[in-house]
Amino acid sequence: MKMRYISDDIRQKIEAYIPRYPNKQAVTLPALHLVHDHYRCVPKDAIRDIADLLNLAPSEVHDTMTFYQFFREEDHKLGKTRLWVCRTL
């Protein structure tokens with residue numbers, strides 16, 4: 001399957017997660033992390049590619065993405081350096 005936006009390398013990494021999860025929908029979160037780590041955001045075309053790869057509607061992928069506040073959309077990319085601060089014990 002030829003992806004419109006994500007690279008073959010990212011596609012293969014996403015596919016490698018599929019056998020480790022109970023269903024393809026459960027792979028949405030790791031797939032979003034892979035894309036976000038690579039592009040510093042999750043572009044709309046990448047959402048469509050993830051949905052196609054996991055047999056989901058793009059809205060399902062977008063719902064997962066917007067539920068977690070650490071994913072950025074393409075018009076609000078992260079900077080080159082990212083700092084995580086734990087505020088709990």
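User: As a way into this structure, what percentage of the residues in the protein chain is made up of buried residues?

Analyst: A residue counts as buried when its relative accessible area is under 20%. In this model, which is predicted, buried residues make up 33% of the 89 residues in the protein chain.

User: Which elements does the protein chain have, and in what order do they run from the N terminus on?

Analyst: The protein chain has four helices and zero strands, so that, read from the N terminus on, its elements run α-α-α-α. As for how the chain folds back on itself, among contacts between residues at least 6 apart in sequence, 63% join residues at least 24 apart.

User: Turning to α1, which of its residues are buried, and why are they on the same side of the helix?

Analyst: The general idea is that an α-helix has 3.6 residues a turn, so residues three or four places apart point the same way. In helix α1, which spans residues 8-17, the buried residues are I10, R11 and I14. They cover an arc of only 100° around the axis, and this puts them on the same side of α1. What covers these buried residues includes α2, residues 28-39, and α3, residues 44-54.

User: At what angle do α2 and α3 pack, and which residues make the contact?

Analyst: A packing of two helices can be read from the angle and the separation of their axes, and then from the residues that touch. Here α2 and α3 pack at an angle of about 145°, their axes being 11 Å apart, and their crossing is right-handed. From α2 the contact is made by T28, A31, L32 and V35, and from α3 by A46, I50 and L54. Sorted by class, this contact of α2 with α3 has six nonpolar residues, one polar residue and no charged residues.

User: How do the axes of α3 and α4 cross, and which residues meet there?

Analyst: The axes of α3 and α4 come within 8 Å and cross at roughly 115°, in a crossing that is right-handed. On the α3 side I47, R48, I50 and A51 take part, and they meet P58, V61, H62 and M65 in α4. The residues of this contact divide into six nonpolar, one polar and one charged.

User: Where does L56 lie, and is L56 buried or exposed?

Analyst: L56 lies in the loop between α3 and α4, the latter spanning residues 58-67. With a relative accessibility of 15%, L56 counts as buried. Leaving aside its neighbours within four places in sequence, L56 is in contact with Q25, T28, A51 and V61.

User: How many aromatic pairs does a search of the whole structure find, and why is the pair of F67 and Y68 edge-to-face?

Analyst: The search finds six aromatic pairs. A pair is called edge-to-face when the ring planes are over 60 degrees apart. The rings of F67 and Y68 have planes at 85° and centres 5.0 Å apart, so this pair is edge-to-face. The rings of F70 and F71, by contrast, have planes at 55° and centres 4.8 Å apart, so that pair is tilted. Ring pairs link F67, Y68, F70 and F71 into a cluster. Within it, F67 counts as exposed at 63% relative accessibility, Y68 is partly exposed at 29%, F70 is partly exposed at 31%, and F71 is buried at 7%.

Notes: Residues numbered from 1 in each chain as written. Predicted model: local features only at pLDDT ≥ 70, side-chain atom pairs only at ≥ 80, totals over all residues. Heavy atoms only, no water. Buried < 20%, exposed > 50% of the residue type's maximum accessible area, 1.4 Å probe, protein only. Arc of directions from axis to C-beta. Contact = heavy atoms within 4.5 Å. Axes fitted to C-alpha atoms, helices over the stretch in contact; angles between N-to-C directions. Left-handed = near helix turned anticlockwise from the far one by under 90°. Nonpolar A, V, L, I, M, F, W, Y, C, P; charged D, E, K, R; others polar. Phe/Tyr/Trp six-rings, centres within 6.5 Å; stacked < 30°, edge-to-face > 60°.
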